[in-house]
Amino acid sequence: MKLDTKGRLTFPGGVHPPTGKKLAREIEIQDGPSVKQVSIMLSQHIGAACLPLVKKGDIVQAGEKIGDADAFVCAPVHTPVRGKVKEISLQSHAVLGRSPAVVIEAEADNPTRAPQSELEGDFDINKYSVEDICTAVREAGLVGMGGAGFPTRVKIEPNPRLPKETMIINGCECEPCITCDYRIMLEWPKKIIAGIKLAKKASGCSRVIIGIEDNKPEAMEAMSAALNDLANGNNIKIVPVKTKYPQGGERQLIRAILKKNVPTGGIPPMIGVVVLNVATCAAIAEAVVNGSSLTHRVVTVTGNTIAKPGNYYSAIGTSIKELIEFSGGVTKKSAKVVLGGPMMGIAVADLAMPITKTSGAITVLTKEDIGRAKFARRQTACIRCGRCLEVCPEGLNPTKIAHAVKYGFLDVAESYYINGCIECGCCSYVCPANIEVTGYIKTGKIFLARQKKKMPE
Amino acid sequence: MLKEIKVSCSPHISGPFSTRRVMFDVIIGLFPAMAMAGYYFRIRAFVLIFTCVFSAVVTEWLCNVIGKKARPFESLGDLSAVVTGIILALSVPPGLPFWAAIIGSSFAIAIGKMVFGGLGSNIFNPGMAGRAFLSACFGLLMTTWAVPATIDTKMPQIAADNTVDVRTQATPLAWSKNAIKTKTAAGIVNRQLEDTFTGEVGGCLGETSAMALLLGGLYLLIRKTINVHIPLAVSLSAFVFASVGYLINSEAYISPLVHMTSGGMLLCVFFIATDPVTAPLTTRGMWIFGVGVGGLTMLIRIVGEYPEGVMYAILLMNAVTPLIDRFCRLTPAGGKPNV
């Protein structure tokens with residue numbers, strides 16, 4: 001049967017930025033740089049930060065757990081290399097600023113982890129109990145690899161208060177330039193399906209829907225072939241969705257596929273849904289079947305000035321600088337290095353910043369990519385054209401919130417539901433006046449949290 | 001080559017839109033109307049448009065200098081002063097003396113826009129504010145209509161006033177007012193439908209040709225410079241209002257089609273009511289605003305004392321726009337949070 005790859009499902013709002021995916025989309029996943037030193041951040045997820053389990057001078061083995069905490073919402077961290085703990089110090093973190101990390105000097109003859117491959121042999125779901133799966137997922141330090149980094153165990157383990165019915169697998173990858181999830185779907189589809197089956201069993205969901213944007217028909221075909229091999233009749237299906245940014249936001253994906261709304265400020269389990277990224281699913285299979293912890297991930301290094309754009313299976317803790325150099329460096333003058341994609345990624349100031357479990361891409365942008373007016377930060381006044389209201393996928397009034405924050409009226413911003421913002425950046429993208437609408441809203445959220453003493457100064 | 005990297009908040013790319021592009025599109029959209037004005041009122045039309053635009057731009061620059069802006073030329077780049085100048089020029093009688101045009105245009109920019117804080121902060125549409133000022137100060141000049149150069153007077157009962165160098169003629173809406181008062185002769189006005197469509201009638205410089213305004217409006221809709229809500233709301237409400245009158249007494253009230261094609265209606269529908277700065281933000285608000293503009297225009301035209309009501313309808317609805325915005329709050333997609 002020919003697979004129908006035309007996506008009809010979508011959500012209201014959204015934008016169509018240039019995808020920029022052609023640079024790296026046809027390049028196979030390769031091994032990343034073999035590193036001399038890695039910095040493992042102790043906080044790579046949402047929730048309590050890990051405490052170091054090692055001290056300076058300790059010898060650690062590859063895959064050894066080096067940080068953990070007792071908190072419920074937490075995921076331990078592991079070292080990708082064998083070596084000696086050089087120090088435990090503050091390193092640049094994309095979101096948290098300076099944050100504690102374990103710095104490990106790798107031994108010279110480090111056995112590199114076997115090049116990541118597709119799941120081999122038969123896969124028998126009955127070998128694993130729900131407890132086995134949850135423990136393995138927790139011990140492997142799995143977090144949502146799409147960007148938010150919510151500990152996966154918390155998501156998939158059975159919770160009697162919020163029973164889950166539907167599991168949605170996010171294979172949209174709507175963010176421009178990034179291709180790591182696409183490559184994983186093409187190259188490791190069996191591993192993803194195995195991970196889905198494990199997660200389905202653990203969470204007790206009765207059905208699984210895999211949402212893939214309709215600009216990735218090859219991925220849909222690969223996934224559907226693997227699905228036929230491994231999981232026939234398991235109530236798992238692939239659904240093409242329209243190509244639109246931010247289709248891969250979990251609230252938007254749920255809205256598109258299930259026509260249900262996650263409550264503002266709420267989380268998907270409130271409506272019985274759990275959303276997992278395809279990369280996370282692959283990591284679940286690895287953790288449960290192979291017992292390997294999350295120490296490596298696929299990182300797309302891309303940009304018009306990168307000599308060899310590609311998708312590299314790299315050790316977590318590798319510095320951005322090393323990854324860029326490994327990709328042949330930049331060929332021309334570049335203006336910005338972004339951890340993530342151009343819409344939601346974070347511009348980094350310190351290239352020594354290590355990548356974390358949630359870093360899917362490193363994008364190098366030039367002045368031309370950014371646009372001349374935006375590069376020069378040339379803004380005009382808001383002409384109230386209402387484009388930001390039209391594109392807001394959450395149905396908010398971005399200009400009102402942004403201007404309330406600008407003039408310090410945080411109560412007004414709150415009354416216009418500032419906390420419903422998912423920070424997708426559509427409003428800033430369409431703004432003809434080049435106003436950093438998303439920037440103001442993000443700032444306002446931080447101010448509000450401080451005001452409510454939820455966040456330190 | 002990565003020595004100088006910049007940091008800023010996401011997103012790091014921006015769409016192909018700019019304020020200047022929006023304003024430039026409006027200017028392109030007004031082009032057919034300007035061309036038709038030139039065709040009917042000859043060189044005078046172009047000189048008048050140029051006068052208004054020039055004085056609008058100079059006024060904005062002067063305001064920036066007086067306001068001690070660091071770069072007084074910068075705000076001129078968004079082209080909004082040019083748009084205001086053109087709109088004002090197109091909505092005044094072709095025979096308006098140039099000195100009056102300069103006064104009106106300067107008022108539109110200085111008092112209509114700059115005192116509120118410049119582009120984006122004004123409450124009233126600057127073009128309409130300037131026109132209102134001219135109507136209040138120079139009532140006679142603002143109701144003296146030149147006849148298009150292409151025609152001889154067609155209507156039988158025209159009180160031609162040949163005392164000045166421009167021949168003058170009443171507008172279809174003035175006859176309509178007359179018809180309402182006498183309860184007769186609306187049919188004669190209705191026969192002018194073809195002329196109001198092409199523009200071969202007396203009236204304001206750019207308002208006579210419905211055809212040209214429709215063309216420009218279509219361009220703006222295709223370019224997505226304006227969205228369809230306000231034009232639809234204004235025209236539907238005006239059409240319904242006019243139809244009711246026409247159905248009640250077709251001798252006293254002129255046909256809704258003539259109402260739609262004459263006076264400032266189409267200029268208002270596509271270019272004035274859709275001014276984003278002075279219109280509401282939400283779709284629901286846009287409909288309320290549009291219905292208000294259309295309804296008030298017709299109320300003034302049919303019931304009120306003035307033959308034309310577009311200007312006052314716009315200004316009144318501009319004044320309540322902040323209230324409409326407050327009334328039409330959006331509910332987030334996920335519903336109101338339980339706080």
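In the predicted model, helix H6 of chain A is followed by A:Lys259, a residue with a positive phi near 60 degrees. The helix itself spans residues 250–258, and because eight of its nine residues are buried, H6(A) is largely enclosed by the rest of the structure. The buried positions are A:Glu250, A:Arg251, A:Gln252, A:Leu253, A:Ile254, A:Arg255, A:Ala256 and A:Ile257. These residues pack against four elements of chain A, namely strand S9 (166–171), strand S10 (207–213), strand S11 (236–241) and strand S12 (273–277).

At the level of domains, chain A is assigned domain 1 (125–290) and domain 2 (379–451). The centres of these two domains, taken over C-alpha atoms, are separated by 30 Å. Contact between them involves seven residues of domain 1 of chain A and seven residues of domain 2 of chain A. On the domain 1 side, the touching residues comprise two nonpolar, four polar and one charged.

Chain B is likewise divided by the assignment, into domain 1 (19–142) and domain 2 (168–326). Here the C-alpha centres lie 21 Å apart, and 33 residues of domain 1 of chain B are in contact with 28 residues of domain 2 of chain B. Three helices of chain B, H1 (19–66), H2 (80–90) and H4 (126–137), each give two or more residues to the side of domain 1 that touches domain 2. The largest share of that side, 17 residues, is contributed by H1(B). By class, the domain 1 side of this contact holds 25 nonpolar, six polar and two charged residues.

A helix pair in chain B was also characterised. Two packed helices are described by the angle between their axes and the distance between the axes. For helix H9 (residues 229–248) and helix H11 (residues 265–272) of chain B, the axes come within 8 Å and cross at roughly 155 degrees. As angles over 145 degrees count as roughly antiparallel, H9(B) and H11(B) are therefore roughly antiparallel to each other. The crossing of H9(B) and H11(B) is right-handed. From H9(B), the residues B:Pro231, B:Val234, B:Ser235 and B:Ala238 take part in the contact, meeting B:Met265, B:Cys268, B:Val269 and B:Phe270 of H11(B). Seven of the residues in this helix contact are nonpolar and one is polar, with no charged residue present.

Conventions
Residues are numbered from 1 along each chain as its sequence is written. Chains are lettered from A and ligands numbered from 1 in the order in which they are written. This is a predicted model: local features need pLDDT of at least 70, side-chain atom pairs count only at pLDDT 80 or more; totals for chains, interfaces and linings use all residues. Domain bounds come from an automatic or database domain assignment. Two residues are in contact if their C-beta atoms, placed from the backbone, lie within 7 Å. Ala, Val, Leu, Ile, Met, Phe, Trp, Tyr, Cys and Pro count as nonpolar, Asp, Glu, Lys and Arg as charged, and the others, Gly among them, as polar. Axes are lines fitted to C-alpha atoms, for helices over the stretch in contact, and angles run from 0 to 180 degrees between N-to-C directions. Angles under 35 degrees count as roughly parallel, over 145 as roughly antiparallel, 65 to 115 as roughly perpendicular and the rest as oblique. A crossing is left-handed if the near helix is turned anticlockwise from the far one by less than a right angle, and right-handed if clockwise. A residue is buried if 20 or more other C-beta atoms lie within 10 Å of its own, exposed if 12 or fewer, and partly exposed in between; C-beta atoms are placed from the backbone.
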